[in-house]
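Please open the model in your viewer and keep the sequence panel beside it.

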Amino acid sequence: MNIPMQNSRYRSVSSFFRFLFTACLLMSVHGLASAGDSGTVRAMVIDGQNNHQWRVTTPIMVKALMSTGKFSVDVTTSPGKGEDMSGWNPDFSGYDVIISNYNGDLWPESVRQHFTQFVSDGGGLVIVHAANNSFREWGEYNRMIGLGGWGGRTEEDGPYVYFTDCCLVRDGTPGRGGSHGRQHEFQIQIRDARHPITRGMPLMWLHTRDELYDRLRGPAENMDILATAWSDPTTGGTGRHEPIMMTLNYGKGRIFHTPMGHADYSMRCVGFVTVLQRGAEWAATGNVSIDIPDNFPTSLETKSIE
Ligand code: ZN
């Protein structure tokens, strides 16, 4: 009479442990695949060399990420320009996303290998402003960023990519890669409103004063343009709609690239802050849970954080 009861109890204990085991397994697999065990996105910012004021701009980006409560952020600072880099070998393995605020000397081969491995294995990467000036000579990096400027880039590095009033153009015309007109406020036009980064964003919003990079060129493989900005000839621009928010895939990795972010006043734009937060979360996890704030810029009015 008791045997069925015992069996039944045994079965229920057994299935409870099976459930526990499966749950732990799923959690650990999830932990490996995306964010840390706590759900926190582990971010690393790389700086140390830049023809921009990285000592000013890195803290703005760190604060922007930390203010969401969704990130932990470390910063690795390379040796200065022309200095020996052989002792600098950041360990990327504990991170979900790398944010590059770096434009300078070519990294040592071991760092480049680890970086390439990190992204191709599924790590996230965010490229901000002059980080896309870096490393013309490093082919894999240019595949990750899609488009770059300066550093001697020409038609040999890939096409110009931009929108005309009708179409997306890949333009192989010979010429330099990378230039910009006078700094000014300019409108960001969303081209893909269904992407997690742009979903719910006003389709046109006014960015604070910044350099509007134009004539970027590169391999532009596996690249989607989420937003553009009209590069107005009256401010020294190209008369093209230049890419201003791009996503790319490299191996299993996700990359978010924005040419915005020349200076502190450019990065204090609520639009830039939101784009950085959501771009970094997407690059790390493939999803976005960070809201668009109520004080987001409108098509005619910029908004800045304190
Ligand atoms: Zn700049």
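Predicted model: local features only at pLDDT ≥ 70, side-chain atom pairs only at ≥ 80, totals over all residues.

Residues are numbered from 1 along each chain as its sequence is written, and side-chain values use heavy atoms, with hydrogens and water left out.

Now switch to a cartoon, in which the protein has 6 helices and 13 strands; these are DSSP runs numbered from the N terminus, with helices (H or I) of at least four residues and strands (E) of at least two. Of the 306 residues of the protein, 51% count as buried, a word that stands for under 20% relative accessible area, with exposed meaning over 50% and partly exposed lying in between (1.4 Å probe, protein chains only). Among the contacts in the protein with a separation of 6 or more, 68% are between residues 24 or more positions apart, contact meaning heavy atoms within 4.5 Å.

**First stop: strand 1**

Select Val45, whose place is in strand 1 (41–47). Is Val45 buried or exposed? Val45 counts as buried because its relative accessibility is 0%. Leaving aside neighbours within four places in sequence, show the residues in contact with Val45, which are Thr58, Val62, Val73, Asp74, Val75, Thr76, Ile99 and Asn101. One of these, Thr58, is 13 residues from Val45 in sequence, and the C-alpha atoms of the two are 7.6 Å apart in space.

**Second stop: a pair of histidines**

Next select His52, in the loop between strand 1 and helix 2, together with His129, which lies in the loop between strand 4 (124–128) and helix 4 (139–145). What joins the side chains of His52 and His129? The link is a polar contact of 3.1 Å, that is, a pair of N or O atoms within 3.5 Å, of which, within protein, one must be able to donate a hydrogen and the other to accept it, and residues adjacent in sequence count only if both atoms are side-chain atoms.

His52 is buried because its relative accessible area is 13%, and His129 is buried because its relative accessible area is 2%. Not counting residues up to four places away in sequence, His52 touches His129, Ala130, Glu211, Tyr213 and His262. With the neighbours within four places in sequence again left aside, the contacts of His129 include His52, Asp210, Glu211, Tyr213 and His262.

Leu106 lies 31 residues from Glu137 along the chain, and their C-alpha atoms are separated by 8.6 Å.

Move on to Asn222, in the loop between strand 10 (213–214) and strand 11, where phi is positive, at about 50°, although Asn222 is not a glycine. Asn222 is exposed because its relative accessible area is 53%.

Then select Ser231, in the loop between strand 11 (223–230) and strand 12 (241–250); Ser231 counts as buried because its relative accessibility is 2%. Its contacts, leaving aside neighbours within four places in sequence, are Leu212, Asp214, Gly237, Thr238, Gly239, Arg240 and Glu242.

**Last stop: a pocket**

Finally, select Pro59, Ile60, Lys63, Ala64, Ser67, Arg268, Val273, Gln277, Ile305 and Glu306, which line the second largest pocket. A pocket here is an open set of points on a 1 Å grid over the protein atoms alone where a 1.4 Å probe fits, with protein on both sides within 12 Å along at least five of seven lines, and lining residues have an atom within 4 Å of a point. Its volume is about 150 Å³, taken as the space filled by probe spheres set on the points, which are joined across faces, edges and corners.

Which helix gives the most to this lining? Helix 2 does, with 4 residues, and helix 2 (54–66) and helix 6 (270–285) each supply at least two. The lining residues divide into 5 nonpolar, 2 polar and 3 charged, where Ala, Val, Leu, Ile, Met, Phe, Trp, Tyr, Cys and Pro count as nonpolar, Asp, Glu, Lys and Arg as charged, and the others, Gly among them, as polar.
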